[in-house]
Amino acid sequence: MYVNKVNTHILPIEFEYHAPKSLDETVELLEKYGEDAHVLAGGTDLLPHMKQRRVEPKHIVNIKGIPELACIKEIPEGIHIGALAKLRAIELSPLINEKLPLLSEAARSVGSIQIRNLGTIGGNICNASPSADMATPLMAVDAKVHVYSKSGEKNYPIVEFFHGRGEVRLEQGELVTGFTVPHLPEGAGSAFEKIGWTTLDIATVNVAAVVSLKDGKIDHCSIALGACSPAPIRGVLAEEILRGREPSAEAMDEAVELIATCVEPRERWRRAPPEYRQRTSKALARDAVTRAVEAARR
Amino acid sequence: MEIEITVNGRKRRFDVEPNKLLLNLVRDELYLTGTKYGCGIGECGACTVLLDGEAVLSCMVLAVDADGKCVETIEGVADGDKLDPIQEAYIEEGAIQCGFCTPGFIMTTKALLKENPDPSEAEIREYLKGNYCRCTGYVNIIKAVQSAAKKLRS
């Protein structure tokens with residue numbers, strides 16, 4: 001049984017505090033201090049990690065002073081969500097609820113109101129936790145990650161962002177500024193499923209699915225799984241086998257068997273043994289796809 | 001670092017180290033000890049305060065990060081000796097036993113009722129799920145929130 005033996009009353013480490021007002025100022029600081037610097041957004045992961053001395057940054061760069069990073073807006077390519085958008089804002093945003101209910105559903109599943117009032121989508125992704133609840137839905141909707149550095153802006157698909165083992169594709173001096181979600185296929189339905197020790201706890205397994213139907217058959221299908229591999233993954237084989245088929249029980253059986261082959265849970269993860277994650281990822285994938293199909297039929 | 005925070009309606013200036021938590025600022029510098037330290041890792045909700053009207057965990061906010069913002073703690077809820085309807089409701093419904101979790105619960109309730117003046121039981125349970133109570137159970141707390149909502153609506 002895990003017992004927290006650390007004094008979490010104080011932050012036991014000293015650091016220099018920076019509150020830049022612009023993106024350029026931020027990346028300059030990040031470039032200058034490199035590995036010694038850590039970005040502070042919501043702080044709901046960073047501060048507990050610092051209390052437990054799991055990270056000991058010498059410089060904290062608080063990016064909350066850059067308000068344009070918190071925007072949620074519709075753009076021609078789809079929907080743009082700034083990295084500083086709070087989980088609570090994503091949960092309540094009328095635009096997200098209408099166009100991307102998958103994301104508001106996932107945001108709603110995170111921690112408590114107090115956590116969601118602080119935590120941001122960018123922080124959730126950049127912590128590179130395999131169980132990040134926003135990572136799976138963003139993967140299922142083929143989001144793009146926008147990264148800013150001195151040499152300008154670039155973006156790449158979120159699948160390429162996670163390296164596993166708690167690492168993300170970010171070089172020194174780079175900052176994630178937001179995510180663009182392309183338009184979902186016409187009439188697509190989606191669902192997010194999650195299981196944890198309690199509803200407040202981080203996910204033991206989470207699954208996001210997006211499905212669209214054409215003449216009763218599955219046309220578009222994407223399934224993303226979290227907390228059951230070193231990084232969030234797409235269930236590509238299961239997606240392929242479902243495409244072009246009616247969402248029958250047999251098709252689902254075949255698909256979830258393929259899900260079980262692609263997850264790689266680790267023995268040392270403390271919330272559940274690998275067998276549990278393997279079986280649960282199958283069950284949750286079935287639930288998520290079934291519910292997404294129902295939503296697409298509506 | 002020099003910061004200015006409005007605490008319970010009064011502007012205050014502080015000179016703090018960057019590693020000072022907002023929780024310890026209100027408790028140790030202002031002696032507002034109603035806000036409690038429980039777990040320190042965001043699980044219990046005992047340190048809940050309102051930061052610019054939003055319920056947040058003061059053990060997870062740097063004091064320097066609250067610069068220029070409004071903080072409301074349990075000490076600012078009552079008007080002098082006159083209790084807030086939420087506090088009255090908690091007493092009337094027996095939603096208090098040892099009282100350790102109560103400041104956090106009341107602050108979260110305050111945020112809830114501001115957002116949603118007539119919450120259903122499910123909505124109350126969902127909103128308060130980040131606050132732990134180890135004495136009374138949650139039945140009386142939910143009754144208290146419902147009764148407070150009624151009082152505030154009338």
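Let's start in chain B of this predicted model, with a pair of helices. Helix α2 (residues 85–92) of chain B and helix α5 (residues 139–153) of chain B have axes that come within 8 Å and cross at roughly 140 degrees. That angle makes α2(B) oblique to α5(B); the cut-off for roughly antiparallel is over 145 degrees. As for handedness, α2(B) passes α5(B) in a right-handed crossing. If you want to find the contact on screen, pick out B:P85, B:I86, B:A89, B:Y90 and B:E92 on the α2(B) side, which meet B:A144, B:S147, B:A148, B:K151 and B:L152 of α5(B). Sorted by class, the residues of this contact come out as 7 nonpolar, 1 polar and 2 charged.

Now step back to the domains of chain B. Where the two meet, domain 1 of chain B puts in 13 residues and domain 2 of chain B puts in 12 residues. On the domain 1 side, the elements giving two or more residues are β3 (48–51) and β4 (54–57) of chain B, and β3(B) supplies the largest share, 3 residues. The class count for that side of domain 1 of chain B is 7 nonpolar, 4 polar and 2 charged residues.

Over to chain A, where the assignment gives three pieces to follow: domain 1 (16–61), domain 2 (70–182) and domain 3 (189–297). Domain 1 of chain A and domain 2 of chain A have C-alpha centres 19 Å apart. Their contact draws 12 residues from domain 1 of chain A and 15 residues from domain 2 of chain A. Keep an eye on helix α1 (residues 23–33) of chain A here, as the largest share of the domain 1 side, 5 residues, comes from it. That side of domain 1 of chain A has 5 nonpolar, 5 polar and 2 charged residues.

What does α1(A) lie across? One answer is the trio β1, β2 and β3 of chain A, with the helix running at about 165 degrees to β3(A). These 3 strands form an open sheet with parallel pairing, in the order β1-β3-β2 (chain A). At its edges stand β1 (16–18) and β2 (37–40) of chain A, each with a single partner strand, so one side of each has no neighbour in the sheet. From one strand to the next, the twist averages 25 degrees. Between β2(A) and β3(A), which run parallel, there are 4 bridges. To get your bearings in this part of the sheet, look for A:L40, which stands opposite A:N62 in β3(A).

The helix α1(A) also lies across β6 (144–149) and β10 (175–182) of chain A, running at about 125 degrees to β10(A). Those strands belong to another open sheet, this one of 5 strands with antiparallel pairing, ordered β4-β5-β10-β6-β7 (chain A). Its edges are β4 (72–75) and β7 (152–157) of chain A; each has a single partner strand, so one side of each is left without a neighbour in the sheet. The twist here averages 25 degrees from one strand to the next. One landmark is A:I72, whose bridge partner in β5(A) is A:I81.

Further along chain A, there is another helix pair to look at. Helix α10 (residues 249–262) of chain A and helix α11 (residues 274–297) of chain A have axes that come within 9 Å and cross at roughly 140 degrees. They are therefore oblique to each other, and α10(A) passes α11(A) in a right-handed crossing. From α10(A), the contact uses A:M252, A:V256, A:I259 and A:A260, and from α11(A) it uses A:Q278, A:S281, A:K282, A:A285, A:R286 and A:V289. By class that is 6 nonpolar, 2 polar and 2 charged residues.

Finally, how do the chains meet? Chain A gives 26 residues to the contact and chain B gives 25 residues. On the chain A side, α2 (46–51), β3 (59–62) and α6 (113–116) of chain A are the elements that give two or more residues. The chain A side divides into 12 nonpolar, 11 polar and 3 charged residues.

Key
Residues are numbered from 1 along each chain as its sequence is written. Chains are lettered from A and ligands numbered from 1 in the order in which they are written. This is a predicted model: local features need pLDDT of at least 70, side-chain atom pairs count only at pLDDT 80 or more; totals for chains, interfaces and linings use all residues. Domain bounds come from an automatic or database domain assignment. Two residues are in contact if their C-beta atoms, placed from the backbone, lie within 7 Å. Ala, Val, Leu, Ile, Met, Phe, Trp, Tyr, Cys and Pro count as nonpolar, Asp, Glu, Lys and Arg as charged, and the others, Gly among them, as polar. Axes are lines fitted to C-alpha atoms, for helices over the stretch in contact, and angles run from 0 to 180 degrees between N-to-C directions. Angles under 35 degrees count as roughly parallel, over 145 as roughly antiparallel, 65 to 115 as roughly perpendicular and the rest as oblique. A crossing is left-handed if the near helix is turned anticlockwise from the far one by less than a right angle, and right-handed if clockwise. Two strands pair if DSSP finds at least two bridges between them.
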